[in-house]
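Q: I have a model open and want to go through it with you. Can we start with the overall layout and then get to the side chains?

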Amino acid sequence: MKSIIYLFLSLFVSTAFAGDDCLGYKLKPNITIKSPDWTKNVVQPLQKMDVLHGKVIATLVDEFDITSDITSIEDGFCVALKNIDVTIGYSDFLVQIDISHKPNTCSYNAIIQHEDEHIRAYLSVIDDNQYLLKQSIESAANSIIPVFVKNEADIESAIDELNNKLQNHPDIILLKEQIKADEEIRNKYVDLNDTGETLKKCFE
């Protein structure tokens, strides 16, 4: 039993030292951030909606595509972050309008106009927070140290580990929470500043 424990400790210490050796291969990753192209689709559910006139469902995407730098060392390989291509933003807006409003009527168009304001509010969340996006992603990426693997066959899993560490970093999680909070604030502002006069005039 003692020999087994000793062997385990020896392997653990050896791996730890090899991991320390990888610190010298840490890079400052090159980061590019872009927003996806987006589309808008307008539908009318067959059943009456549980909101007064209409609503927007926004699809937020956050994709992290990483390129690694692989260095062969004496006992294995060091796998480090090299490039990070981030796509973050809204890819689709689904506008739902209550079936009681006929297409191309005054009320239908007034609701479309209001929902377009919500879409602009969503888009402004990403546009106005570019500095925060860059700062949060850079902070997370710069804190991730290279991963050591003994075998070449394990390099792909090391790359996945780096990606998981990046996406689950506290700075990235906080960033996503801030985006959601900003969405709510800006959409509430749209509703508070809509007097409803445009829609009311359709029924005069």
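Predicted model: local features only at pLDDT ≥ 70, side-chain atom pairs only at ≥ 80, totals over all residues.

Q: How many helices and strands does the protein chain have?

A: The protein chain has 6 helices and 5 strands. Helices (H or I, at least four residues) and strands (E, at least two) are DSSP runs, numbered from the N terminus. Along the sequence the pattern reads α-β-β-β-β-α-α-β-α-α-α.

Q: What share of the residues is buried?

A: 36% of the 204 residues count as buried. Buried means under 20% relative accessible area, exposed means over 50%, and partly exposed is in between (1.4 Å probe, protein chains only).

Q: Of the contacts between residues at least 6 apart in sequence, what percentage joins residues at least 24 apart?

A: That comes to 83% in the protein chain, where a contact means heavy atoms within 4.5 Å.

Q: Switching to cysteines. How many disulfides are there?

A: The count is 2 disulfides, taking a disulfide as a pair of cysteine sulfur atoms within 2.5 Å. With bonded cysteines counted along the chain, they follow the pattern 1-2, 3-4.

Q: Which residue does Cys 22 bond to?

A: Cys 22 is joined to Cys 78, S to S 2.0 Å. This pair links distant parts of the chain, with Cys 22 in the loop between α1 (2-21) and β1 (30-34) and Cys 78 in strand β4, 56 residues apart. The torsion about the S-S bond is about -85°, so the disulfide is left-handed.

Q: Are those two cysteines buried or exposed?

A: Cys 22 counts as buried at 0% relative accessibility, and Cys 78 counts as buried at 1%.

Q: What about Cys 106?

A: Cys 106 is joined to Cys 202, S to S 2.0 Å. Cys 106 sits in helix α2 and Cys 202 in the segment after α6 (197-201), 96 residues apart. The link of Cys 106 and Cys 202 is left-handed, with -65° about the S-S bond. Cys 106 is partly exposed, with a relative accessible area of 45%.

Q: Now the rings. How many aromatic pairs turn up?

A: A search of the whole structure finds 4 aromatic pairs. Rings of Phe, Tyr and Trp (its six-membered ring) pair if their centres lie within 6.5 Å; planes under 30 degrees apart count as stacked, over 60 as edge-to-face and the rest as tilted. One of the pairs is Phe 93 with Tyr 122, which is tilted at 5.9 Å centre to centre and 45° between the planes.

Q: Why does that pair tie together separate parts?

A: Phe 93 lies in strand β4 (residues 76-97) and Tyr 122 in helix α2 (residues 106-127), so the pair ties together parts that are 29 residues apart in sequence. Phe 93 and Tyr 122 are both buried. Trp 38, Tyr 90, Phe 93 and Tyr 122 form one aromatic cluster.

Q: Last one: where is Asn 104?

A: Asn 104 is in the loop between β4 and α2. Phi of Asn 104 is near 65°, a positive value in a residue other than glycine. Asn 104 is exposed, with a relative accessible area of 66%.

Definitions and conventions:
Residues numbered from 1 in each chain as written. Heavy atoms only, no water.
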